[in-house]
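Dear colleague,

I am passing on the structure we spoke about, and I would be glad if you read the notes below alongside it.

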Amino acid sequence: MSIMKYFMKRLLLFMLTLSALTGSVMSDDLQKDFVTPPDVARPWVYWYFMDGNLTREGLTADLEAMKQAGIGGAIYLEISGGERGPVEFMSGPWRELLKHAVNEADRLGIELALAAGPGWCGTGGPWVKPEQSMQHLVASETQVTGPAHFDALLPQPPPRKPIFGEPSVPELHKIWKEFYKDVVVLAFPTPVGSYRIPDVEEKALYFRPPYFQAGTKLFLTADRMVLPAGECIASKQVIELTAKLAADGRLVWDVPAGNWTIMRFGRTITGQITKPAPVPGLGLECDKFDKAALEAHFESFVGTLLKTVGEPKHPGRGLTTLHFDSWEMSSQNWTEKFREEFRQRRGYDPLRFLPTMQGRVVESVAVSERFLWDLRLTAQELVVENHAMRLKALGNQHGLKLSMEPYDLNPAGDLALGGVADVPMGEFWTNVFNAEYSVLEAVSIAHTRGRPIVGAESFTGDQDGWKKYPGSIKLQGDWALCAGINRFVFHRYAHQPWLDRYPGMTMSSYAIHWERTQTWWGMAKAYHTYLARCQALLRRGLAVADILYLDHEGAPAVFRPPASATLPGMADRRGYNFDGCAPGTLIERASVKKGQIVFPDGMSYRLLVLPQVDAMTPALLRKIKQLADDGAIVLGTPPQKSPSLANYPACDAEAKELAAQIKSEPVATHADLYPEYDVAAARLAKLGVPPDFESKSDLRYIHRRDGSTDIYLVANRTSGALSASCTFRVAGKQPELWDPVSGTCRLATAFTQANDCTMVPLEFPPQGSLFVIFRQSAGMPVPGSNFPPLTKVCELTGPWEVGFDPKWGGPEKVTFDMLDDWSKRPEVGIKFYSGTATYRKVIELPESKIQNPKSNIFLDLGKVAVMARVKLNGKDLGVVWTDPFRVDITGAAKPGANTLEISVVNLWPNRLIGDQSLPEGKRFTWSSWNPYGKDSPLLESGLFGPVQLLTIQTMEME
């Protein structure tokens, strides 16, 4: 057989396989889930209710609209804002409406998550008693000189001001001001000097500022100041005088000689209230350290609601989840039994170190910092165990999972707190805040804790004004997908109580508008299906990552990788992927197999990178030593002391001994917590491990492995078209190209393989994305391109008949001599029109193009503002929502005359602007919030073209 004949036979086999893949989807589950994604993979929404504004018919209409548009779940939240409605939160009628919503969601196959408390954060309400609310340890100081007989009232220490201001509700303000319980009275010789521990308000957990706030630290560091003994409190000289304190605060004590400081310590409440809860839901946040307090809240809120709505009826539908949203109540540092908890967990009594919480130095600065570290670790453990884990357990008893946003303002390590959740969540904003770090945290939690679903509060923002739509958010959405998010939760869908008001209820200026009253809602399913396809594949198997960054030990702590580990702009991962790992997770779950760090669920990493810190607990160092002894590669120098006062100073000797025994590879001292990405990359290259993905073009990616199948999502980071050469760390397998926009699958015929990698030439439209799948043995590559060129047949010029909806002020029929921007038209009804207009034209198609088996014919719409649905000869060919605005018309086209309909939808602002010049009774729109005036600029709208017929020729063989 000649080489040419052999090549042609292989090529024919290849083309037959290509035809089979393209023409009929293979029957395996992976491809089935891609083409027709399962309901469980659909995106969710935050379903917001505005303080009593809800109706039975509106609930049903909302849920049916979600179902129709491909939404799989909703987080049910009611908040304050705007004019109060008639249905009082938690009232009998309100609970019956909630029951109706749950039943309707069950009927429609939609999941509902119930917030863990009123508002969008926390666990609290009017049922929380002051003694079961969040608490601080506060103190007053009295200076005395002895010898003398002291008989006087000690000042009662006032409460600390809440981080978000004093309670605005008079009753709650009064409780905050008046609640006080004595804890202990201590006295000690007054040290000389005025030194106070820096940042003690945060180190002692009187507050934790938002990480969004400039200057907030990833983690807290110990001060290194060395003071003379006379400027410190000697713990042995601290005297407890609690028994001498009368109920009215009077102390009677014979003061020894010298200058003495008396400190009266007591419990006050932090004053943090449910926010932004509806008025009937306003109350104190429950104690996050006290299991009984959480149980009482759960019974009063969730338990009460479950008595009305009933237990979950069917898996995966109706009420399925409890959701803990933003932690916006900052921190607490005390509870009634805190001293006992501390003593049990840390092995020593905190009593004589309590002055440290007010910034004073006991023994030394180093010792005081160690106590404060222990205080924060104890707080973290109590929050995790007594609050988050108990909330999860109570929910699980009722068949409910727990989803949680574990970051910002909380007193724990984000990764430690989030590790409790069944569904960890991050968030990302379209403007205002950069919360990308929380996405990397949530993804790291999911990967290291074995959670298959990782969510994100998606596209949160301010002042959107109905300007966002699927095509405008695709770039950022693809970033989130490639970061590892596989459940989008759109923020937000505002409940629409009415059936006849558009755009209707809003959440004031906040968040993206993602509800049934959107102009484009009827076309939104195309985008939601895109997300469902992506999310279905990105839940398969396990993520592929090479680097494991050990998070800072202690609390609070925010995980951030070195800036060099991600690309500039949106934080896309570079060629070697990574995760962060909580110290507790490493201790509990990590082991070594074949030189890699592995977790029970199958995740594996080639390198463990240590943070550059000066202290680690012996327990963590023992784990690192075990991993290194078992063959793990550890980068970084282990510290030689403990951060804790527990078992001090023996703990430091043990830490030093362990550090000396750990087989790690030192790295140069660096300014960041972790060494530069290139250090880890160079070590991986030395192991002979190439980057997981490489391209010189501006692309982002994510890689998962499902058994023997490798799944890559690759996406264009730009708004321009790209041609790229992409290298994947896969050998011996056939690349397949799966388009998540269209749901089509085909082989990549052009590729090369070398050095255990596969190079595939790819092409991307503006902000385009593509799955590259490797699951079969590789065939013989075919020279050429994976993307056959498009050939222009003709451009559709001349007049169009355009029909607008008179309901929204447009003409029922008008002729456009040429494609034109609606906002530039002279007709007022078109200029200010918002909604859908249908373009109609009869087009002639030559028989040679229609019946050519070696070509497909496409209709390309050119530029569209903002979405369109195409019908040809009455056949619905689907919605186009992103570049390229193109549909395959091969199956619908016929020789001769063809009737073409293109329904184009624009955005709400133009109609909202036009209505400002009309009397209220003549306006077409109504909204609870409108940022537009009559002179606001209009948005371009409509079909711009050029509208063209294109063909793609298949390869011909002799």
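This is a predicted model: local features need pLDDT of at least 70, side-chain atom pairs count only at pLDDT 80 or more; totals for chains, interfaces and linings use all residues.

Residues are numbered from 1 along each chain as its sequence is written, and side-chain values use heavy atoms, with hydrogens and water left out.

The structure holds 58 salt bridges (a side-chain nitrogen of Lys or Arg within 4 Å of a carboxyl oxygen of Asp or Glu). One of them joins Arg84 to Asp51, at 3.8 Å from N to O, and links distant parts of the chain, 33 residues apart. Arg84 is partly exposed at 40% relative accessible area, whereas Asp51 is buried at 4% (buried means under 20%, exposed over 50%, partly exposed in between, with a 1.4 Å probe and protein chains only).

Helix H15 covers residues 618–629 (helices are DSSP runs of H or I with at least four residues, strands runs of E with at least two, numbered from the N terminus). Its buried residues, among them Leu620, Leu621 and Ile624, pack against several elements, including helix H14 and strand S19 (contact means heavy atoms within 4.5 Å).

Strand S19 also belongs to an open, antiparallel sheet with the order S19-S20-S21 (two strands pair if DSSP finds at least two bridges between them). Strands S19 and S21 each have a single partner strand, so one side of each is left without a neighbour in the sheet.

Note on methods. The expected span of a helix is 1.5 Å times one less than its number of residues.
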